[in-house]
Amino acid sequence: MTAYMITFFVMVGVFMIGCFALKWPVGVSMLAAALCGALEGMLAHGTGLAQTLSDTIRMMVEGEFGYVDTILTIATAMIFMKVIEASGALDALSSLLIEKFHKVPAVLLILIMFIIMFPGMITGSSTAAVLSAGSIMAPVLLLLGLDNVTAGAIIAMGGILGMIAPPVNTAALVICAGIDVPYVGFTGPLLLLTFPLAILFVLLLGLPKVKNLDYEKLKPALVKQDATRKEYGVKIYIPFFVLVVLMIFFKVIAQKIGVDDLGMPVIFLASAIVGLFTGRKINPLKTVTEAVRTATPVMAILMGVGMFIEIMTATGVRGFIVMTCLEIPEALWIIACCISIPLFGAVSSFGACSVLGVPFAYIYGTYLNGNVVVCLAAISLIASVGDMMPPTALAGLFAAQVTGVKQYTKILKKCIIPIIILLVWAGFILVKSKMFAWSVFG
Amino acid sequence: MKKKGLVSTCIILAVAIFMACFAGISFYKKRHFVEDVVTEGSAVTRTEKLSKYNQYLANSFGDVDIYVLEGEEEGGSVLILGGTHANEPAGHMAAIVMLEQFKPTKGTVYVIPNICQSGLSHNDPLEGTPQYIHFTTANGDVRTFHFGSRASNPIDQWPDPDTYLHTSGDWTPRYENASKNTTQTLSGSEVRNQNRCYPGIANGTLTEKVSYAVTNMINTLKIDMVIDLHESSPEYAVNNAIVAHEKALEIAGISATINLEAEQGIKIKVEPSPVNLRGLTHRELGDYTDAFALLCEVGNPSQGRFRGYTDEALAITGKDPCYKVASEIHNGALLYVDYSSGDFPISLRVARHVATVAALIENMGFDYPDKEVIIDNVPDYQEMVDGDNLGLWLR
C-alpha cells in the first residue's frame, strides 16, 4: 500500500507542478502526471523497462477512448450552440420568454430551470443540458438582470440536477450495473431528490435579483433581440424544435418501437444544420472552427483524465484511494461518502459512481439494510457534484463558457451553498432510506 | 517565435502519431490473436460453427467454434459456456480445461469457451488490465490466452444507447412460470454485455445475435443443461455461488451440499435466479428453453474495484494487498469471499468451476436417468488446488 501511496503523490505532484508552476493546460498536466505515474509505478513494481514503456503507451491511448463518446457530444453541442447564437435564435427566444413571463419572475425562473434540466433528464448528461438548454437560457438570465456568475451557477446546478432527474440517470445506471439491481422504481426517489432542490436553488440564486423586474426599463436592452424576432418570425425557432423533437424521439420513443438511437452528436449536428437556414446568414466553416476551438480545452482535459484514470487503476492508486475511504470507522461512512465521491468526481463523476458508488451502495443498501433503490438514487445525486469539481468540472466549465465567465472558480464559489444543501439532502435520504421507501415507483 | 511554435507543434504531432501507431498495432494484434485450443488427444469428436444456429452470425466476429465431445453411449447433453465476460479468466480457462480434459462415455458435452469472442478482442478503457495471460504446460510449452473486457468490442457495435431496453424479441416462453415483463431498462453499456442480451435477437446487435444463436442451439439440439461460467469481484454479493433457474434449483442444491461441500469441502452458495433481472443466462435460458439453466460464480480480485496493482500476476495469483486490507476491516463485511489467505489463485478458481460442473452433471443424471451424462478424466479438485499451476491441466 505504501508503494501505491508514493505513486499517488507522484501523480498528484506532477499534475500540480504542471498546472500551477509551469502553467500548462490542465489536459497536458494530466497527461504528464499519468506518464510519470506509470513509469514510477510500474518500474517500482519490478516491471522491466521495455514492458513498462509498452504498457504505458498502450494504456495511455486506451484511456483516451474512455471518453470518446462524451468528447463527440461536446464538440457537436458546441457547434449547435455557436450556430444558434450566430443565427439570432438565442436573441429571439430571450425576447419571447421575457415578454411573456416578465410579470411572474419566480415562475419564469422555475420555468427556465426546468428547461435547463430537460436535456439532462433525457440524456443523463449534465454536459448535454448545459450546452444545449443552458446555452439557450443564458442570455435570458442575463437579460433578466442576473450577473454572469449567478446565471452560470443556475445553469450549472440545473445541469447536474437534470442529469440525476428521471427518466434517465446514467449515474444510477452505472451503480445498478455494478450491483445487478434493475433500473426499476427510480422515478419517485429521483423526483423527490431533484425537483425540490431545483426550485429552491433557482429561487435562492435568482429571485433576489429579478423580483423587482421592470419590463419597461428592460425594453431598450431588448431592441436587437426584438428586431431579430420580428424579422425571422417563428422560423428562427425551428432548430430548437428539431433538437427537442429528435431528443424526445430517439431518447424516449425510438427503442420502444425498435428504432436505433442516433446518439446525441448526430442530433446536435442535425439541429445545427437546420439552424444554418433559419436565421441570419452564417459562415459554416468559421462557426464550426470557432466551436471546435472553444471546446478543445475541455476535450483535452477528458483525454488527459482518461489516461490518468487508466494509469491510476493499473498502478494500484485507485484501489489505494478506495481502501482509504472505506477504512474509516463506520460512523463516519456518510461523511466519507459525501466527500470522497464528489472529490473522485473531479476525475470523472461516472468513474466515481463505479469505483466508490458501488461499494457505498452495498454498504447502505445491503450491509446497513437500507432501501436499495432510494440508496442508489441518493448516491447518484451525491456523485453529480463531481461534475462541478475541477479540473474536469464539466457542468461548471461549460456553464462558465455559455455565460462568458472567464474564471470557472467564481461559479464554483457561488454554488458552494447549493452544493452543501444538496449533499445534506442526499446524505439524509441515504441514511434514512427506509423512511423514503414509499417514494419507490416508476 | 512563429518558427519555434511550429517546431514544437511538429514534435508533439510526431510523438502523438508514434504513440497512436504503437498502441494501434497492439490493439490490432489483440483483435486478431487466435488462442490455440488443443483438440489433439482430447475427446472432441467434431466442431460446429455457432452461425449454424443463427445465419446472421455467418462470417462475423461472433461466429465461434462449438466443440462437441460425444460419448459412445447415448445420453443427455450439456452446454458449457466460457468467456461470457472476458475479464473473468477462470470462466474462460475452465471451459478450455474441460474441453481438453473431459472424456464423456455417455451423452454429449458441448463447449463454447469463447462465447463472447468480441469481448476477448479488446480491453476495457480506464481499467488498466493486461492483454494476455500465459501458462506453462507440463511439457514446457507456453500457452497464451486473452484477458479481455466485460463487454463486446465497440468496433462490433457502436455507439451504445443512453439506456439499453432489454426485450425478449420474438421468443415464446417454454417455462410455464416465465417472467411476465418482457422489457427492462438497463445501463446503455449493457447493450454490449453478453449476459444481458439473452434470449437474443436474430438480426440484432452482434451481442444479441450470439445470444440468439445460443438459445436456438439449445432448443434445436434439445440440450438438457446449460452452465455459464463466470467470476465476480470479491465485494459482489453473489460470489462462490451457483445461480439457478427455478427448474434447476434442486439439482444445484444437492450438488452444493452433498457433492461439493460434504464430499470435497468446497463451500458454495446456491442463489435462485432473480425473476426481475432480465437478459441473464440463468433467467432467460431457463424461461425460453427446456434446459436446466445455471451460472457459476467464483471470486476474482483482478476484476474488483478495490484491487491494487493490476497485471497478469494478479489475474493468475489473485494476490492483492488492497483486498487483504478489505478482508481485515469492518469484520470482513465488505467482502463476500474468505480472503484471509491473501490470494485466490486461478488454479483454485478453475478447480471450483470444474468440480461444480461435474457435480451438476452428475446430479442431473441422478435425478433424471434419461438425461444422464457420464464423464471420465475429470481433473481432481484437490490435485488442481495443490498443484497451483493451471498449465498442468492444459494440453
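## The interface between chains A and B

Across the interface of chain A and chain B, the rule finds one salt bridge. E127(B) and R318(A) form a salt bridge through their side chains, at 3.4 Å from N to O. This is a predicted model.

Several helices of chain A each supply at least two residues of the side that touches chain B. They are α2 (26–44), α3 (49–64), α4 (68–87), α6 (105–123), α9 (170–179), α15 (284–314), α16 (317–326) and α18 (349–367). The residues on this side of chain A divide into 33 nonpolar, 16 polar and 11 charged.

## Extent of the contact

How many residues of chain A are in contact with chain B? The count is 60 residues of chain A, in contact with 51 residues of chain B.

The size of an interface is often given as the accessible area lost when the parts come together. Here chain A and chain B bury about 4,500 Å² between them. Carbon and sulfur atoms hold 63% of that area. In chain A, the residues that lose the most area to chain B are R58(A), D180(A) and Q255(A). Together they make up 14% of what that side buries.

## Cis peptide bonds

Chain A has a cis peptide bond from P390(A) to P391(A), with omega near 15 degrees. P391(A) sits in the loop between α19 (372–384) and α20 (394–403) of chain A.

In chain B, Y198(B) and P199(B) are joined by a cis peptide bond. Its omega is about 0 degrees. P199(B) is placed in the loop between β8 (183–187) and α4 (206–221) of chain B.

## Positive phi angles

K23(A) is not a glycine, yet its phi is positive, about 60 degrees. Where does K23(A) lie? K23(A) is in the loop between α1 (2–21) and α2 of chain A. K23(A) has a relative accessible area of 66%, so it counts as exposed.

D388(B) is not a glycine either, and has a positive phi of about 50 degrees. D388(B) lies in the segment after α10 (381–387) of chain B. Is D388(B) exposed or partly exposed? D388(B) is partly exposed, because its relative accessible area is 49% and the exposed class starts over 50%.

Methods
Residues numbered from 1 in each chain as written. Chains lettered and ligands numbered in written order. Predicted model: local features only at pLDDT ≥ 70, side-chain atom pairs only at ≥ 80, totals over all residues. Heavy atoms only, no water. Contact = heavy atoms within 4.5 Å. Buried area = accessible area lost by both parts, 1.4 Å probe. Salt bridge = Lys/Arg side-chain N within 4 Å of Asp/Glu carboxyl O. Helix = DSSP H or I, 4+ residues; strand = E, 2+ residues; numbered from the N terminus. Nonpolar A, V, L, I, M, F, W, Y, C, P; charged D, E, K, R; others polar. Buried < 20%, exposed > 50% of the residue type's maximum accessible area, 1.4 Å probe, protein only.
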